[in-house]
Amino acid sequence: MESQSAETRQIVYDDAITRAFIWASVLFGVVALLVGVLVATQLVFWQANAGISWLSFGRLRPLHTNAAIFAFVGNMMFAGIYYTTQRLLKTRMASDMLSWVNFWGWQAIIVAAAVSLPLGLTQSKEYAELIWPIDVLVAIIWVVFAVNFFWTLAIRNEKNLYVSLWFYIATIVTIPVLYIVNNLQLPTSFLHSYSIYAGVQDALVQWWYGHNAVGFFLTTPILGIMYYFIPKAAGRPVYSYRLSVVHFWALIFLYIWAGPHHLLYTALPNWAQTLGMLFSIMLWAPSWGGMLNGLLTLRGAWDKLRTDPVLKFFAVAVTFYGMSTFEGPLLSIKSVNGLAHYTDWIIAHVHGGTLGWNGFMAAGMFYWLIPRLYRTKLWSRQWADAHFWTSTFGILMYIVAMWISGINQGLYWRALDGEGFLLYPDFVETLLSQRILYHMRLLGGVIYFSGLIVMAINLIMTARTGRAVNGEASVVALPRNTGPGFAELVRSKPVVISLLIILAAVLVGVSTPITAPAALAVGVLLAVAAIIGGGLGGGMEKWHSLLEGRPLTFTVLTLVAILIGGVAELIPTVVLRSEVPDVPVPPMSASPETSSDAVSAATESEYKQKPYSPLELIGRDIYVREGCYNCHSQMIRPFRFETLRYGDYSRAESYIYDHPFQWGSKRTGPDLHRLGGKYPNLWHYLHMRDPRNTSPGSIMPEYRFLTDKKINLRVIEPKMRAMKKLGVPYSDSEIEGGVETARSQGALIATDLAAQDITLDPESELAALIAYLQRLGRGPQPTTLEKAQGR
């Protein structure tokens, strides 16, 4: 597609790929928000679950989040990157074929997720629920995208990389590191696997990924898009080049450390919690630096906000970015987190970022691009304005409702009477107090959704009035191999000084209270000396300009910046596992000397390292399949109001056989870590069939279908063998006898229910789930076979 003269090249850009990703984003945006409206309806009217397994809240909520993040924002991200990269590098994408493989592969991933998640095929990790075959496809398609991007960098006709490309590079190199490390699984079949990590280690890796998936999928690429489209729409240059340099490097270095703030007051080691909190607070500075750089780029163009819908969306999007990046560090402060965690406040925060920051940036970009991609004018500015005001009002109503609900929840849960006991001991009281706020959330979501429909119609009508065109440009070919080499740049003063400052910061973290001030003083002196000497001042700008001409060096330094935090946090906890005591492991079942009464009354400390029985393991997989972690936590924090309500606080050693961990991040229902033995089997039977039978006012779906569905006994052996490979101490005899043991434990539950005139198949999924729920926080219970043998 290139015609060459002696002096210039005529470039025809591939804008068809941009159009394809835009329409995919619009389509899946509608789907994602439609599912969101449905799950919001289910929280107001539990009957909306319809008693159908694949329509239950626990299965649809992950579909909503994945569709919003990876389908809506993901397709928008690819559209923006493909459009801007070609123009910033003044060349067509290196391979049209790879671009389209990227497009169709990504849509295949989305469709696979849309089918598998409602079927209950999940890994139960937030933002990483997809089963392992889809994970493999994600990795392949991301490699295709990366190859095409870096190949295009290599054939560019622009020497220096513009700021948008910095953020794209950070996204492209960081996402595979996060995704692969978090999704390391041991398959038991084509549709099922277990995480190679367990308990505390799994939680840390998951939220290292979960937090940085937000940072490097929903933030860095969208910032790159912001740095391109806001100057274009405003007709103004970026406010500050120096601020963009500081914003980029500080953001990618600090962000990667902040994941543990999702696990404050849990069984995670305190040093990791503190580290996550501190780096989260430090994120305030670079995040707001980026926000100010975006807003101040509009200086001299504020009058256009009255008439230009594109600038309206961009201005509000950047404002939401600033609000979200203020709220995130605020929520990472331990005292605030103690109130807000597990509440709807977190839901408000997430939606402000995704629908406020990402959603409004997407709308602004689409309204700017579609008229240019179809060489026409926007069909209706009035409709665009209507979209702006309805979506703004809708998202504000949603967020305010969830703020109020979240604070209300936190205060209800921790309220104590004059004698120091729970003022509201019944968890359902909290649900009843916030029902009007859930109605507000639903209404806000519907209003925001209606704005998206207006946008979709406007864009379709705009496209129909024009015709698809590809952009063209005349460019001068770029001379190759100019400027300093890789080694010269890496050995330069800014890199050496930065590494010394990082080393000093690490020394502060590992030093004793006596030596820490000395390490801190060294770091401060290095920073001051660097600024005075020009290493981080004007000299930095010159050095960075040289660095921008060396994409390979730039990419390597970016990778180093993000790896430092990941290695420092993960290796001590995941590899060394120093927080788990080395205690002799007893066999799976009770010893011959232990009576059944003793087993029932055993404390967790006596059984804390015993693996799940075969039936409990199957029941746990059912718990995962139904998405129970979306509404229930299994982590009791060390607060008096939590131990009064749920029992003794949770400890790291309680979870060493939990593949994957099930701590949860939201309590629409109570914590379940000490549920075992709290209620009889009959209570669980009635509760699962209709929660209103035992908990009037509950909004939990009915799970009657578990009564009729039988477990697959053939999967017990491969699942136990997989667990054994992961370190769970099952003996060969226990694995070989797993089916008989499961039948015996199921028969015990069925017999107990039969004595109360309830008929339940001992091989039903409900029997397995009851076995798992009765195990939580306790040792494994004896089977009927063991009881018959006097165990």
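1. Tyrosine 127 sits in the loop between H3 and H4. Its phi is near 65 degrees, a positive value in a residue other than glycine. Helices (H or I, at least four residues) and strands (E, at least two) are DSSP runs, numbered from the N terminus.

2. Before going further, please keep in mind that this is a predicted model, in which local features need pLDDT of at least 70 and side-chain atom pairs count only at pLDDT 80 or more, while totals for chains, interfaces and linings use all residues. Residues are numbered from 1 along each chain as its sequence is written, and side-chain values use heavy atoms, with hydrogens and water left out.

3. Now the overall picture. The protein chain has 32 helices and 5 strands. Of its 791 residues, 61% count as buried. Contacts (heavy atoms within 4.5 Å) can be sorted by sequence separation: among those between residues at least 6 apart, 82% join residues at least 24 apart.

4. Helix H3 (residues 96-116) and helix H4 (residues 132-154) pack at an angle of about 160 degrees, with their axes 9 Å apart. That makes H3 roughly antiparallel to H4 (angles under 35 degrees count as roughly parallel, over 145 as roughly antiparallel, 65 to 115 as roughly perpendicular and the rest as oblique). The axes are lines fitted to C-alpha atoms, for helices over the stretch in contact, and the angles run from 0 to 180 degrees between N-to-C directions. H3 passes H4 in a left-handed crossing, meaning that the near helix is turned anticlockwise from the far one by less than a right angle; clockwise would be right-handed.

5. Which residues carry the H3 and H4 contact? On the H3 side they include Leu98, Val101, Trp106 and Ile109, and on the H4 side Ile134, Trp142, Phe145 and Trp151 are among them. By class, this contact has 16 nonpolar, 5 polar and no charged residues. Here Ala, Val, Leu, Ile, Met, Phe, Trp, Tyr, Cys and Pro count as nonpolar, Asp, Glu, Lys and Arg as charged, and the others, Gly among them, as polar.

6. H3 has another partner in helix H2 (residues 57-89): the axes of H2 and H3 come within 10 Å and cross at roughly 170 degrees. H2 and H3 are therefore roughly antiparallel to each other. Residues of H2 in this contact include Leu63, Phe70, Phe78 and Tyr82, meeting H3 residues such as Leu98, Trp106 and Ile110. The contact of H2 with H3 has 10 nonpolar, 5 polar and no charged residues.

7. On to the charged pairs. The count comes to 24 salt bridges, each being a side-chain nitrogen of Lys or Arg within 4 Å of a carboxyl oxygen of Asp or Glu. Arginine 625 and glutamate 765 form one of them, their closest N and O atoms being 2.7 Å apart. The pair links distant parts of the chain, with arginine 625 in helix H24 (residues 614-625) and glutamate 765 in helix H31 (residues 765-775), 140 residues apart. Buried or exposed? Arginine 625 is buried, with a relative accessible area of 15%, and glutamate 765 is buried too, at 5%. A network of salt bridges links Arg59, Arg625, Glu626 and Glu765.

8. Glutamate 763 forms a salt bridge with lysine 710, with 3.7 Å between the closest N and O atoms. Glutamate 763 lies in the loop between helix H30 (738-754) and H31, and lysine 710 in the loop between helix H27 (705-708) and helix H28 (716-725), so the pair ties together parts that are 53 residues apart in sequence. Glutamate 763 is buried at 18% relative accessible area, whereas lysine 710 counts as partly exposed at 48%. In a further salt bridge, the side chains of arginine 692 and aspartate 690 meet at 3.1 Å, N to O; arginine 692 and aspartate 690 are both buried.

9. Lastly, some backbone details. Tyrosine 342 has phi near 75 degrees, a positive value in a residue other than glycine. It is found in the loop between helix H12 (334-340) and helix H13 (344-373), and counts as buried at 1% relative accessibility. The peptide bond from histidine 659 to proline 660 is cis, with omega near -5 degrees. Proline 660 belongs to the loop between helix H25 (640-646) and helix H26 (681-689).

Methods:
Buried means under 20% relative accessible area, exposed over 50%, partly exposed in between (1.4 Å probe, protein chains only).
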